[in-house]
Every structure is written in structure tokens, then in C-alpha cells.
Amino acid sequence: MSAVTETPDVERRVEPAETTVNLQNGLSCSLPADSPLAKLLRSKRTWIGPSAQERLGILRRAKSVAIVGASPNPARSSYFVATYLQQSSDYDLYFVNPNATEILGQPVYKSLADLPVVPDIVDVFRRGSDIPQVIDDVLAIGAKTIWVQLGIWNEEAAYYGESKGLTVVMDRCIKVEHARFNGGLHLLGFDTGQITSRKTLR
């Protein structure tokens, strides 16, 4: 009786699942479902904030900025932004943080309601899930513009704020935007690509 030779199982290669993404131009493409680009395209952001020209107008008209979530920790991005605005802008700055008393030599307020003035811009360093409550606080004091910092996104909150008459800027850094419009991005080590005094807005 001849011996039976067993064939070892061959591990089958499993190809990553793909997803089909429909583009705005009517075409479609297939991408690995777990790729960063596929995840980004699937997010389907529908809210569109102010244009570059409109953001420039917001920054130029403003006289005062309140930073909600300002931190006394030099390692935090809010501290970096506050330092830049204090040194490189003419804005009257107000810091809001219930757990701090002083930042960059200025007093810190526990809430927006405690501010001595109504700021032109409320710049926000808070989690996306906190933005609806911050919008309510902004509305309560009568401020007109909420600026939500880079990396923070809550589309429903953006629509909500606009429905209440607020100007909403979201997922943009006020420091970068201010420096960009004033030809100062080189201070961050960026090449502005600007070789004349004429600025191009995008």
C-alpha cells in the first residue's frame, strides 16, 4: 500500500477590501478600504466655510480675540498661537480657561461670560464634541464669529452656528492664517513662495 503524501496547506493571500469612491466630476475610482485617502473621501464633508478673501476680511475687521482653551503650558499649541498673536498682531487678547489664572502675563477668565468685553473673534481650542456648547456660550455673550482651530471638526456644529447667525471658521489655525495674509509664514519656517509685495489669496 503506497503512502499518502499530504500536501501542506498553502496560505492564501487575502487582498485588502476595496471601496468605490464617487468623485464630484462624475467619475469613480477604487481604493483600499482602509487607506487614509479612502477614509478622507468617505467622510464627505459638506460644510464649506468662508473663502480666503472672507477670512482675510474677518481678521482685518477684528479688534479683539478671546482664546477659549488657552493654556499656560508652552508645549501646547494654544500657547504658541497666543504668543504669536500677542507679539505679532494688534488684537486685544483675552484668555479663557477655568483652570488657569495667568497666561503670558495676562489674567485668565473662567468663562466667556466673565470677559469684560464682547470679543470680535472667539478662537477655540476644544474637542470637536465640545463645540456645540461653546457656540451656545458665544451666542450668549453676543459675539459674532467663532474660529475653531486646525484639526478640530464638527460639521453639525458648524451648520448650527450659522443657523444662529454666527460666522463660523473651522479646522483652520488663526495664527497660520494671520501670518499668511501678512506675509509672515516665513517665521514658521515655511516658504511662502511670495517674491513680490502682491499677495495671492487661494
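Analyst: The term buried denotes a relative accessible area under 20%. The model is a predicted one.

User: Which residues of β7 are buried, and on which sides do they lie?

Analyst: In a regular strand the side chains alternate between the two faces of the sheet. In β7, both faces are covered. One side carries the buried residues Ile121 and Asp123, and the other carries the buried Val122 and Val124.

User: In which sense do β5 and β6 pair, parallel or antiparallel?

Analyst: Strands of a sheet pair through backbone hydrogen bonds, either parallel or antiparallel. Between β5 and β6 there are two bridges, and Ile103 stands opposite Gln106 in β6. The sense of this pairing is antiparallel.

User: Which residue of β8 is the bridge partner of Ile121?

Analyst: β7 pairs with β3 in the parallel sense over four bridges, and Val68 stands opposite Val124 in that pairing. β7 also pairs with β8 in the parallel sense, again over four bridges. Within β8, the bridge partner of Ile121 is Thr145.

User: What is the handedness of the β-α-β crossover from β7 to β8?

Analyst: Between these two strands the chain passes through α4, a helix of residues 131-141. The crossover is right-handed.

User: Why do the buried residues of α4 lie on the same side of the helix?

Analyst: The buried residues of α4 are Ile131, Val134, Ile135, Val138 and Ile141. They lie on the same side of α4 because the arc they cover around the axis is only 130 degrees.

User: Which residues have the most contacts inside the largest nonpolar core?

Analyst: This core has 26 residues. At least two of its residues come from each of α2, β3, α3, β4 and α6. Apart from it lies another core, of 23 residues, among them Val96, Val138, Ala143 and Val168. In the largest core, the residues with the most contacts are Ile67, Leu85, Phe95, Ile121 and Ile174.

User: With which residues is Ile174 in contact, leaving aside its neighbours within four places in sequence?

Analyst: Ile174 belongs to the largest nonpolar core. Beyond its neighbours within four places in sequence, the contacts of Ile174 are Leu59, Val65, Val81, Leu85, Ile121, Asp123, Trp147 and Gln149.

User: What is the relative accessible area of Leu104?

Analyst: Leu104 is placed in the loop between β5 and β6. Although Leu104 is not a glycine, its phi is positive, at about 55 degrees. Leu104 is partly exposed, and its relative accessible area is 25%.

User: Where is Asp171 placed?

Analyst: Asp171 is not a glycine, yet it has a positive phi of about 60 degrees. Its place is in the loop between β9 and α6.

Methods: Residues numbered from 1 in each chain as written. Predicted model: local features only at pLDDT ≥ 70, side-chain atom pairs only at ≥ 80, totals over all residues. Heavy atoms only, no water. Buried < 20%, exposed > 50% of the residue type's maximum accessible area, 1.4 Å probe, protein only. Arc of directions from axis to C-beta. Pairing = 2+ DSSP bridges. Right-handed = clockwise from strand over helix to strand, strands pointing away. Core = buried A, V, L, I, M, F, W, Y, C linked by side-chain atoms within 4.5 Å. Contact = heavy atoms within 4.5 Å.
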